[in-house]
Amino acid sequence: MRSILYTFIALLCVQTIGAQSLDADGLFGDLRARHIGPALMSGRVTDITGHPSKSRILYVGAAGGGVWRTNDGGITFEPLFDDHPQSIGAVAVDPQQPDQVLWVGTGEIWTRNSVSVGKGLYKSTDGGRNWKLMGLEDSERISSIQINPENPDEIYVGVLGALWGDSEVRGVYKTTDGGQNWKKILYTDPTTGCSDLSMHPEDPNTLYASMWEFRRTAWSFNSGGYNSALYKSTDGGENWAKIHNGFPEGKLGRIAVAIAPSNPDILYAVIESEKDKDKGLYRSDDGGQSWEQLNNDFELTVRPFYFSRIVVDPTNPDKVCKAGLSGSISEDGGKTFRQIGSGVHADVHDFWFDPNDSDHMFLACDGGVYRSYDGGNSWEICRDLPLTQFYHVTVDMQEPFKVYGGLQDNGSWVGPSASVGGVEARDWQEVGYGDGFRVYPHPSDPNICYSEMQGAQYIWRVDLEKQQSKTIKPYPVEGDPKLRFNWNTPITTSQFAPDRLYVGSQFVHLSNDQGETWTKISPDLTTNDPAKQNQEESGGLSKDNSGAENHCTIFTIAESPLDENLLWVGTDDGQVQLTTDGGQNWSNVTANLPDLPPNTWVYHIEPSSFDPAVAYAVFDGHTQNDRSTYVYKTEDSGQSWQSIATPEIEGFARSIQEDFVNPGLLYLGTEMGLYITLDGGQNWTKFTNNMPAVAVHHVTLHPRDHSLVMGTHGRGAIIIDDVRPLRQYWSKRCISLSRRRLSSRNSPVSAARPRTVSSWAATPVRRPSLPTS
């Protein structure tokens, strides 16, 4: 009876609070986030640049983890950009005021399926302590920033632009007043952006710009077209001319370009073309008037959308570094290449040479930053960069509880939520390989967990104590079509049956024996659109069927904590499906969602812990070039839905978590950070206390320890250790407002001054009985 009464009061409070909006300081007080890494394997770095005279100072731009600086040559790093979008395309240092003036272009340019988005160009005039947005807000991805060394107010910016749709904000932009005003000086069309921009080191009026025609959808990628080209300007961008003498005929794709600093007449370009024999490294010895193909090794031509950077030694024009799967170095002007030294994580994206000693090098890759002191023959990792990109996190019931999750190109891991002296790299245990995604602990056996590798290439049951694993992936049975697994395949356990496991392809697969045997419990729950299932043709001029574009697949599976027969399913092609009888019958409730564009990706569904008819759903439209926030709630099992997204929320949503005690307290992970509401979604407030503006891919709540755990795509796992102050604030606030509402008109209750969470004692709050798995 008490739990029923509490729930009734809680629901009344959601209505009572209404539009009582508070700022973040007033709401969160001293409540802070805590970062636990891991930093052992770091994460994807997109751009590196150094101080022009102090070689121990280096700036690192991360794919999803912001901008970092080292003052000691890579031993330690500090973040500089936490309040702003964490997806970085380019970092530049002012050549005249390198200790004060920095520029950051946001939006990653290595355009894989999981890249985040940017929000323009930023400038700092105090060494990175404060930043100002200088424009190009709709650029989405900035590829290059070139500063005139003779006049730092004159700056050129290469804008790659939108990945998922047309955009007029593309090409090359110029400012002559330090960023106050911008002029577009090179533009082709809404599908073609500037992927590379270089400035002659001795003549700042001479520029080289690579224009790239490209488009990604949720189910395909296309690189190349007749609009891709390499241009040169000799008058500061007033006029441009193609410099294709010696280039391949026909369509071109992405083109990387670099100037040899010690001999600027020497240029290098890596070209993606229609014919494989024409792809590869080209060199010009006359400033681009003519070109000669020198090399088309696989390492030079592989995956141009992901590896398109050439860097030339500042003192030796014949030493060239090319990004790639392993990275490669030429010391004979590009005629031959060798793989870089051993011990480096795969997928290299950038290099930087110490201008005072070119044997001293750094490289950026999917595993962070490495340094070399012998010209790239041997390397060591810089270990202080916690840039891991989680796709998903879960927790167990050990003490302290453990955090489980999968990382982009860095496997799957388990680590403690707390440790004496802080969580260290050595505390983490690997439980999977490749791109790791969902990892779930067995609900009752602390030695068992389940993990997966991209596209369900493998799904494992892992014995943590024995350090053994067994493949348990479901396979098609006779009469089944080929199974379609998403790159980020959904798996989940059950709190009702500890050995139960669900996996989604286009079907829901159920195992009641830890994956030993499987039963298909649904029909195809997707649209099964054949036009979106031609992944073998994906890639454009360079075919790339990795599985990342698999589509018409199930993406989220959620079992109700109140009814084991009630199962929600969401698909990447926009279908919301529900069964109330354990999979015997399914209802498609997609049509009941108001104001939702067709086929919008169902990213997460959260069944309520208070009412089996209540669920929350978040939808992600960015793969349709729609960056709106879609968050919905149903109170009648999907027969009707209400949007609970408000203008305060920035970024498309990826995950939502209902509080286990107060139904009006919700936690929302978006591409730009964490948002919290106390009133069921009428008002949202961004949480920023030690919390960067990072993409939050998944949010979960620990039922015993009251800890909110976030899997971020760029800053690792982040924990708010105890959310009970928010619950108490919510309770005390709504009680005060309820009394005011119910009091006599002749005796109004004065509104109490809102208190911060730090002023409430963290005493237990009575809550309904809940499952603990």
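User: Which residue in β24 is the bridge partner of I310?

Analyst: K322 is the bridge partner of I310 there. Before going on: this is a predicted model, where local features need pLDDT of at least 70, side-chain atom pairs count only at pLDDT 80 or more, and totals for chains, interfaces and linings use all residues. Residues are numbered from 1 along each chain as its sequence is written, and side-chain values use heavy atoms, with hydrogens and water left out.

User: How do β23 and strand β24 pair?

Analyst: The general idea is that strands of a sheet pair through backbone hydrogen bonds, either parallel or antiparallel. Two strands pair here if DSSP finds at least two bridges between them; strands (E, at least two residues) and helices (H or I, at least four residues) are DSSP runs numbered from the N terminus. In this case, β23 and β24 (residues 320-322) are antiparallel, with 3 bridges. They belong to an open sheet of 4 strands in the order β23-β24-β25-β26, paired antiparallel. At the edges sit β23 and β26 (338-339), each pairing on one side only.

User: What lines the largest pocket?

Analyst: Rolling a probe the size of a water molecule over the atoms shows where empty space is left. The search uses a 1 Å grid over the protein atoms alone: a cavity is a set of points where a 1.4 Å probe fits but cannot get out, a pocket is an open set with protein on both sides within 12 Å along at least five of seven lines, and lining residues have an atom within 4 Å of a point. Points join across faces, edges and corners, and the volume is the space filled by probe spheres set on them.
Here the largest pocket holds about 1,300 Å³. Its lining has 37 residues, with T49, Q146, M199, P261 and W352 nearest the centre. Several strands each give at least two lining residues, among them β2 (45-50), β6 (88-93), β14 (192-199) and β23 (310-312). The largest share, 5 residues, is from β10. Sorted by class, the lining is 25 nonpolar, 8 polar and 4 charged residues. In that count, Ala, Val, Leu, Ile, Met, Phe, Trp, Tyr, Cys and Pro are nonpolar, Asp, Glu, Lys and Arg are charged, and the others, Gly among them, are polar.

User: Is S198 buried or exposed?

Analyst: S198 counts as buried because its relative accessibility is 9%; buried means under 20% relative accessible area, exposed over 50%, and partly exposed in between (1.4 Å probe, protein chains only). S198 sits in strand β14. Beyond its neighbours within four places in sequence, its contacts (heavy atoms within 4.5 Å) include Q146, Y208 and V257.

User: How many cavities of 30 Å³ or more does the structure hold?

Analyst: There are 4 of them. The largest cavity is about 250 Å³, and of its 23 lining residues, N113, S114, F555, W601 and Y603 are closest to the centre. That lining divides into 10 nonpolar, 9 polar and 4 charged residues.

User: Which residues touch the most other members in the largest nonpolar core?

Analyst: In soluble globular proteins, nonpolar side chains tend to be buried together. A nonpolar core here is a set of buried Ala, Val, Leu, Ile, Met, Phe, Trp, Tyr and Cys residues joined through side-chain atoms within 4.5 Å. The largest one has 23 residues, and Y667, L674, F687, M691 and I720 touch the most other members. Elements supplying at least two residues each include α2 (24-28), β54 (673-677) and α4 (724-742), while β56 gives the most, 3 residues. Setting aside neighbours within four places in sequence, F687 contacts F28, L674 and I720, among others.

User: Why is strand β45 (residues 567-571) described as largely enclosed by the rest of the structure?

Analyst: Because 5 of its 5 residues are buried. L567, V569 and T571 cover one side, W568 and G570 the other. β45 pairs antiparallel with β44 (residues 554-559) over 5 bridges, and I557 stands opposite V569. On to β46 (residues 576-579): β45 pairs antiparallel with that strand over 4 bridges, and V569 stands opposite Q577. The β45 and β46 hairpin has 4 residues between its strands, and G574 there takes a positive phi near 90 degrees.
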